[in-house]
Amino acid sequence: MDERILLHMKNISKNFPGVKALKGVDLEVKKGEVHALMGENGAGKSTLIKVLTGVHVEDSGEIYFEGKQIFTNTTLQAQKCGISTIYQELDLIPELSICENVFLGREIMKNGMIDWRATEEKAKAILLDMGIKVDVKGVLSQQSTAIQQMVSIARAISINARLVVMDEPTSSLDEKEVKVLFNVIKKLKAQDISVIFISHRLDEIFEICDAITILKDGERVGYSAIKDITKLQLVSMMIGRDASKIVSRKKSYSKDKMSNENIIETRNIVREPKVRGIDIEVKKGEVLGLAGLLGAGRTELARLIFGADAPQSGDIYINGKKVKLNLPKDAIKAGLGFCPEDRKVEGIIPHMSVKENITLAMLPRLTKMGVVSKKEQEKIVNKYIEALKIKTPHMNQAVRNLSGGNQQKVILARWLCMNPELLILDEPTRGIDVGAKTEILDLIEKLAEDNISVLMVSSEIEELMHACDRIAVIRDGKKAGELYAEEIGEEAIMNSIAEGGK
Amino acid sequence: MNIVNAVTNKIKLFDYKKFLKGEGALITFIVLFLFATFKYDQFFTLLNFKNVLRQVSMLGFVAIGMTFVILIGGIDLSVGSTLAVAGVVAAKVSPYGIGVSIIIPVLIGIAFGVTNGILVTKLKIVPFIATLATMLGIRGIAYIVTGELSVGASSASPGFIQLGRGYVAGIPIPSILFVLAIIAAVLVSKKTKFGRHVYAVGGNEEASKMMGLKVHNIKIVVYAISGALSAFAGVILTSRLGAGQPVAGEGWELTAIAATVIGGTLITGGVGKFTGTLYGVLITGIIQNMFNMQGNLNVWWQNILMGAILLGVVVAQSQTARVSKSGNS
Amino acid sequence: MKTITKKSSVNVNQDRDWKLLLNKYATPILLVLLIAVNAIFTPNFANVNTMWNILIQMTTILLTALGMTLVIASGGIDISVGSVMAISSIVTAKSLGFGVVPAVILGLLISAVCGVFIGFIIARFKIQPIIVTLPMMIGIRGIAQVINDSQLLNFNEPAFSFLGTYKFGGSVPIQVFIMIIVSASVYFIANKMSFGRYVQAMGDNYKASRLTGINTFMVTISIYMISATLAGFAGIIETARLSAADANAIGKLMELDAIAAVAVGGTPMNGGRPNVIGTIFGVLIIQIITVAVNMNNIPYTYSLVLKAIVIILALWARRDK
């Protein structure tokens with residue numbers, strides 16, 4: 001075996017009830033290498049990482065690390081082998097100090113007591129080494145996400161990690177912070193520490209990574225040095241179809257053909273720190289996309305429009321009338337519907353049946369004197385299960401047993417049965433398989449034909465380009481630009497996101 | 001590298017807001033103390049101080065245990081029942097010397113605590129339900145052991161009698177022990193692995209697991225500490241009263257939670273100080289003392305006021321916690 | 001090592017089917033077992049009078065447990081119910097001078113106010129219900145005690161005592177009818193009305209419920225109001241039965257019995273589908289334990305320990321939700 005190889009995962013398989021998440025995947029990472037792990041949501045990236053880091057135990061397959069077979073059945077075992085993980089949701093203790101977070105579980109002791117001075121000095125030294133100057137006695141939660149991430153990395157270094165897994169580390173960082181992170185990664189490389197880098201941002205992959213493994217549907221579909229692959233090849237491997245097709249737009253509305261009736265308008269709406277005065281309007285039968293980086297304020301704007309949060313200032317008009325939306329129920333009464341970004345946390349009622357989930361918002365219309373009419377309820381549910389092709393054994397199935405795509409359809413059905421005027425969709429295709437994704441995008445198109453307006457937040461530019469009549473780009477809590485049908489193109493959107501555009 | 005300039009906190013010489021927030025309990029204590037001094041003549045007397053100090057020390061032990069439990073994100077409602085069982089057992093074994101009459105009840109308390117810990121961790125029962133059940137069960141044990149009668153400790157060893165009633169240098173022994181216990185708790189919480197791990201688990205249990213902390217063991221130890229300290233409080237109470245009573249400690253869980261929360265420990269876990277608990281305990285002591293000196297007020301008013309104070313503090317906590325959270329994000 | 005994992009995963013599935021079945025019918029099976037064992041071993045257990053007694057005594061627990069079912073289904077808890085019983089008892093007894101009906105209404109009203117207050121604090125400040133209802137438990141009982149200086153309040157008011165002592169046809173206690181009516185109402189609320197769906201949805205996923213347009217604030221307040229009112233009603237019936245109000249004793253530890261019944265009955269402790277029928281079974285189980293212990297001349301205190309064990313076993317059996 002090549003002695004430069006640090007990690008070799010061989011023929012890893014993992015099944016979950018009803019899903020073959022990994023089907024004999026291989027992964028090889030060399031020493032001092034930054035290795036990109038790419039794939040769409042549901043391709044098996046996170047399962048593979050969880051097998052490596054001991055969160056899941058593989059059903060079959062072997063893991064070799066520094067030439068020896070290892071068993072990572074718990075996170076602790078993985079750490080002891082020299083594998084550390086920087087998670088998306090930071091796995092640190094927010095209310096403890098920075099230095100404590102670095103050394104928690106491996107405290108530096110002196111006479112049976114924790115040696116705080118040594119702890120502070122060592123933590124400071126490690127962070128300085130990474131190029132980070134920070135008060136290590138400060139409470140972690142007072143720091144930016146970027147710093148918290150650096151603390152996570154410092155922790156990995158301090159336990160002599162040979163391999164650091166970074167799961168979408170840049171998703172909540174701004175440009176400058178990404179640069180800092182990349183500098184740290186370069187320093188890790190210099191110390192011969194390897195990095196597995198997971199990101200959806202192609203540019204970053206090409207900037208920082210040396211090699212790449214591409215997963216699709218639980219299998220490895222590509223493995224290459226980064227210099228031997230182009231972006232287009234990469235994307236087509238990930239999506240598994242001709243890359244040129246995704247850019248095709250089905251519709252071609254343009255500025256002057258559009259209706260002039262505004263379903264909803266916001267005027268200088270503010271909720272610090274994420275929304276800092278945004279004007280947008282959605283016209284009748286229009287699909288308006290909200291583009292921008294993660295954390296730009298898109299979700300927050302969507303929540304304000306739906307009344308999930310209260311604005312600090314600014315006005316909202318629905319059908320030309322000024323309204324005050326204190327609670328989601330006010331927005332719902334006004335004809336709005338909202339599919340939240342995190343389905344599991346904010347969307348589904350997991351133990352309730354498909355039937356009850358679909359009709360939950362509609363119950364007031366289905367009840368007489370507080371009593372639910374079962375017959376009507378079932379009629380509606382059947383209609384939408386059929387119309388949206390929701391795959392469920394029966395309508396009384398608990399919704400948590402459905403796949404992500406079908407859960408999303410249940411939530412869409414929840415709003416569609418209300419006959420809304422405007423649907424707000426926050427990352428409607430996140431975490432669902434390609435088939436369901438296409439169905440949902442087709443559905444959005446159909447909605448527009450039926451004169452239902454859609455406000456769609458998405459991080460996938462291709463998706464926005466495919467579905468939207470118009471795209472508003474949000475940047476740092478403000479509208480950075482607006483693109484009409486004929487102008488919509490990847491480059492234009494990118495420019496607007498990056499530069500503040502036109 | 002100056003791109004990340006992380007020293008974001010402005011350093012002020014004296015941040016009075018932070019002080020108010022951090023030391024609210026101390027300030028409340030001082031205000032109450034001054035109020036009582038001017039209002040009641042008997043308050044500022046050596047005799048009264050001795051009384052109050054001894055009175056609060058028993059609650060103090062329970063509150064220290066409760067602080068550990070709340071810090072870790074749990075709650076222990078069984079403390080009063082544990083105290084009762086330990087108290088009657090102490091009365092029964094009191095003739096056999098002070099060592100036996102402390103160790104046996106405390107071991108029983110630890111056993112109850114470990115049971116709580118196992119229910120919460122291994123059986124995954126929500127802490128307040130688990131300890132509600134053991135509160136009931138342990139109280140039952142106290143009644144069964146005694147036949148619902150109080151157990152006299154008339155033939156107790158001299159050392160045992162001193163434990164609750166004696167003085168060293170004019171200070172009641174229970175108070176000295178309580179202060180020592182607070183100092184120990186402060187040291188443990190600040191300087192030992194275990195102490196820091198308690199904060200870590202209370203702050204973010206998942207992350208603690210990921211970092212390799214043995215969360216279950218830590219929790220079990222914490223509940224055991226709470227059991228042991230409650231039992232010790234029961235021993236002292238028996239020594240002081242000269243009898244162990246199966247009804248002892250009823251409602252103490254509330255007062256202990258109140259003292260802890262008034263002392264600034266977040267009811268949600270992960271944040272708090274043992275010095276705060278000290279002030280919290282003193283505050284509840286002064287309030288009780290004032291009620292006694294007022295004389296014409298019914299004892300039930302004390303419960304009403306205690307409930308109101310606890311509710312007020314918790315509501316206030318929920319507000320400031322929200323403010324600081326939204327300020328960060 | 002890997003093969004072991006695989007094998008055991010197959011077993012787990014079979015295990016689960018078996019457990020699911022047991023889980024579903026655990027409560028009725030336990031109840032039948034209890035009745036059978038007692039019918040054989042407890043003298044005079046299988047006897048009409050014993051049955052009426054069990055039914056009369058379980059009324060207070062059932063009423064509070066039915067309210068508690070809604071509270072727990074919504075993801076909450078209310079340990080102040082025993083104290084609410086006390087305050088409604090003493091208020092009703094004190095105001096009998098205004099006539100029976102106004103007194104009862106006043107008792108129910110004061111209970112409802114307690115519930116609204118608790119619900120308001122929980123919904124408005126988003127504090128864990130246990131932490132809100134703990135001081136309420138102490139405070140409300142304190143108020144109840146202050147009202148009559150903690151003295152026993154005897155009264156002679158046949159029209160009122162009727163509520164707790166009347167027997168239809170000379171043998172069927174009025175309590176049976178009260179229990180049937182209240183159980184049916186709560187069952188109806190929980191299973192047929194949209195309100196029941198809201199309760200479950202909030203217990204299952206609070207955030208999503210809010211985003212679905214459920215008025216979580218009002219629903220929370222209503223839940224605690226219903227719970228407190230039912231507890232208050234239980235207090236009134238108990239007071240009528242005894243022809244006396246004792247703020248120190250009435251409803252003491254009632255919250256434990258109620259929670260135990262709900263836990264045994266299978267409503268998920270973290271919130272979820274309210275199982276009203278299960279709660280009724282749970283109350284029967286708790287009450288039979290109490291009565292059986294009593295009839296076998298075992299000191300009452302043993303039933304405390306027994307109940308604690310039953311609660312823990314019930315929760316342990318259902319821990320894999």
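Val62(B) touches Val79(B), Leu83(B), Leu229(B), Ser230(B), Ala233(B), Trp252(B) and Ala256(B), leaving aside residues up to four places away in sequence. This is a predicted model. Within the largest nonpolar core, which has 357 residues, Val62(B) and Val164(A) are the residues with the most contacts.

- In soluble globular proteins, nonpolar side chains tend to be buried together.

**Strands β6 and β9 of chain A**
- Strand β6 of chain A covers residues 83-86, with Ile83(A) and Thr85(A) pointing one way and Ser84(A) and Ile86(A) the other way.
- These residues of β6(A) are all buried.
- β6(A) runs parallel to strand β9 of chain A (residues 163-167), and four bridges join them.
- Met166(A) in β9(A) is the bridge partner of Ile86(A).

**Domains of chain A**
- The domain assignment divides chain A into domain 1 (5-246), domain 2 (248-335 + 422-502) and domain 3 (343-419).
- Between domain 2 and domain 3 of chain A, ten residues of domain 2 are in contact with eight residues of domain 3.
- On the side of domain 2 that touches domain 3, helix α16 of chain A (residues 434-449) supplies the largest share, four residues.
- That side of domain 2 of chain A has seven nonpolar, one polar and two charged residues.

**Contact between chains A and C**
- Chain A has 28 residues in contact with 23 residues of chain C.
- Elements of chain A that give two or more residues to the side touching chain C are α10 (328-333), α11 (343-347), α13 (363-366) and β20 (371-372).
- By class, the residues on this side of chain A are 18 nonpolar, five polar and five charged.

**Chain C**
- Chain C contains 13 helices and four strands.
- The radius of gyration of chain C is 21 Å, close to the 20 Å that the globule rule gives for 321 residues, so chain C is as compact as a globular protein of that length.
- The C-alpha trace of chain C spans about 75 × 55 × 35 Å along its principal axes.
- Of the 321 residues in chain C, 54% count as buried.
- Among contacts in chain C with a separation of 6 or more, 78% are between residues 24 or more positions apart.

Note on methods. Residues are numbered from 1 along each chain as its sequence is written. Chains are lettered from A and ligands numbered from 1 in the order in which they are written. This is a predicted model: local features need pLDDT of at least 70, side-chain atom pairs count only at pLDDT 80 or more; totals for chains, interfaces and linings use all residues. Two residues are in contact if their C-beta atoms, placed from the backbone, lie within 7 Å. Ala, Val, Leu, Ile, Met, Phe, Trp, Tyr, Cys and Pro count as nonpolar, Asp, Glu, Lys and Arg as charged, and the others, Gly among them, as polar. The radius of gyration is taken over C-alpha atoms; the globule rule is 2.2 Å times the number of residues to the power 0.38. A residue is buried if 20 or more other C-beta atoms lie within 10 Å of its own, exposed if 12 or fewer, and partly exposed in between; C-beta atoms are placed from the backbone. A nonpolar core is a set of buried Ala, Val, Leu, Ile, Met, Phe, Trp, Tyr and Cys residues joined through C-beta atoms within 7 Å. Two strands pair if DSSP finds at least two bridges between them. Domain bounds come from an automatic or database domain assignment.
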